[in-house]
Amino acid sequence: MRIAQLAPLWKTIPPQKYGGVELVVANLTKGLVNLDHDVTLFACGGSKSEGKLVKVVDKPLYDIVGGFSWKSIQAYEFLIFDELFKRLNDFDIIHNHLGFHPLVFSKLINIPIVTTIHSSLAPDFPYLAERFKDNLFVSISDAQRKLAPYLNYVKTIYLGVETKKFEPNLKNDNKYLLFLGSLTKNKGVDLAVKATSELKEKLIIAGEIREEEKDFLDKEVWPYVDNHMIKFIGEVTMSEKIKLLANAKALLFPIRWNEAFGLVMVESMACGTPVVAYRSGSVPEIVADKTTGFVVDNFEEFKKGIKIVDTISREKCRQEATKRFDLSLMAQNYVELYKDILNKS
């Protein structure tokens, strides 16, 4: 098949550091090319692709605009459609990762468009979502569907990583716990520091700081960070991430929101590292309680899970990640969906 992948323009594909959607698009493109499909990736400058690459803008939108803008659609994003329309005859199907606004053009195009929803929040632009609710949507977990149950979901397809790149450490001699992700209240970084402080465990925190979270961090997180028992190291590259995960005793994932997937949990398991996570969003779909980690309901259970995490088999974590969440499986599931859509169109 000839497949167009429309990626967000905010960061490069794959991302240099933090960037969940960007990493997913990179993995999916690679998986589809590995299955001998003709894939064209529409992305910003600096991106790399296993398939063909159409550079929509010279550099990431983040650099052009000077930061993220969550409340508006940038005019620059429409350049992606200008590039797409020049090449419409080159594709059998269009896979949209940008959200709802590209669907404004769906009735002008005779090629099927399928949209993967990557958000962990209700639609930012509810009138757009309502207008195009009958289009074809893919959820990345069953839990995600609760955020917008009125959409026409055609399939749930779990995200995948290139598990062979995640070299596991299967020894139980690891010395620290790890929090990896955006330092936000929704992600529960404050719960991670409080639990490890009370348990007198070492914790490494890696991730990006967002401007709107600075007051929360000043009050609830930084007082615990002593750069000895609890250390903050900032954002990390993919290679640094893999090393941190592989050598951690456990990944802590005490989220407070309906996280649509949580790719870092899969990355952790691929490194043989169990996950201790709150029972929210997609967590119960990803972490097998008492098998690849602990799924908990409150702070006391969270601390208990941390204390007994050594009882989890690191070999089993690795096996489950490879079996359930490798990018080859994600790509094959999308190929089957694309074929089904094309057969019905």
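Student: Which element supplies the largest share of the lining of the second largest pocket?

Tutor: Happy to start there, with a note that this is a predicted model: local features need pLDDT of at least 70, side-chain atom pairs count only at pLDDT 80 or more, and totals for chains, interfaces and linings use all residues. Residues are numbered from 1 along each chain as its sequence is written, and side-chain values use heavy atoms, with hydrogens and water left out. Helices (H or I, at least four residues) and strands (E, at least two) are DSSP runs, numbered from the N terminus. Five residues of that pocket's lining, the largest share, come from H1.

Student: About how much space lies in this second largest pocket?

Tutor: On a 1 Å grid over the protein atoms alone, a pocket is an open set of points with protein on both sides within 12 Å along at least five of seven lines, and lining residues have an atom within 4 Å of a point. Points are joined across faces, edges and corners, and the volume is the space filled by probe spheres set on them. For the second largest pocket, that space is about 520 Å³.

Student: And which elements give two or more residues to the lining of the second largest pocket?

Tutor: The second largest pocket has 22 lining residues, and Pro14, Leu23, Ala26, Asn27 and Lys165 lie nearest its centre. Those elements that give two or more residues are H1 and helix H7 (238–246).

Student: Is the peptide bond that joins Ile13 and Pro14 cis or trans?

Tutor: Pro14 sits in the loop between S1 and helix H1 (20–34). Omega of the bond that joins Ile13 and Pro14 is about -10 degrees, and the bond is cis.

Student: Which residue's backbone nitrogen does the side chain of Ser47 reach at 2.9 Å?

Tutor: Take a polar contact as a pair of N or O atoms within 3.5 Å; within protein, one must be able to donate a hydrogen and the other to accept it, and residues adjacent in sequence count only if both atoms are side-chain atoms. Ser47 is in the loop between strand S2 (38–43) and strand S3 (52–55), and its side chain reaches the backbone oxygen of Cys44 at 2.8 Å. Contacts (heavy atoms within 4.5 Å) of Ser47, leaving aside neighbours within four places in sequence, are with Thr12, Ile13 and Leu53. At 2.9 Å, the backbone nitrogen reached by the side chain of Ser47 belongs to Ile13.

Student: How many bridges join S2 and S3?

Tutor: Two strands pair if DSSP finds at least two bridges between them. S2 has five of its six residues buried, and five bridges join it in parallel to strand S1 (residues 2–6), where Ala4 stands opposite Thr40. Towards S3, Ala43 has Lys55 as its bridge partner. S2 and S3 also run parallel, and their bridges number four.

Student: Which element gives the largest share of the lining of the largest cavity?

Tutor: A cavity is a set of grid points where a 1.4 Å probe fits but cannot get out, and the whole structure holds two of 30 Å³ or more. The largest has a volume of about 40 Å³, and its lining includes Leu6, Phe81, Ile94 and Phe105. Helix H3 (79–85) and strand S4 (93–96) each supply at least two lining residues. The largest share, three residues, comes from H3.

Student: At what distance does the side chain of Ser106 reach the backbone oxygen of Leu103?

Tutor: Ser106 lies in the loop between S4 and strand S5 (113–116) and is buried, with a relative accessible area of 14%. Not counting residues up to four places away in sequence, Ser106 touches Ile113, Phe132 and Asn135. Its side chain reaches the backbone oxygen of Leu103 at 2.7 Å.

Student: What is the relative accessible area of Lys200?

Tutor: Lys200 lies in the loop between helix H5 (189–199) and strand S9 (203–206). Its phi is near 55 degrees, a positive value in a residue other than glycine. Lys200 is exposed, with a relative accessible area of 67%.

Student: How far apart are the end C-alpha atoms of helix H12?

Tutor: The expected span is 1.5 Å times one less than the number of residues. For the 18 residues of H12 (residues 327–344), that gives 26 Å, and the end C-alpha atoms agree, being apart by 26 Å.

How values were computed: Buried < 20%, exposed > 50% of the residue type's maximum accessible area, 1.4 Å probe, protein only.
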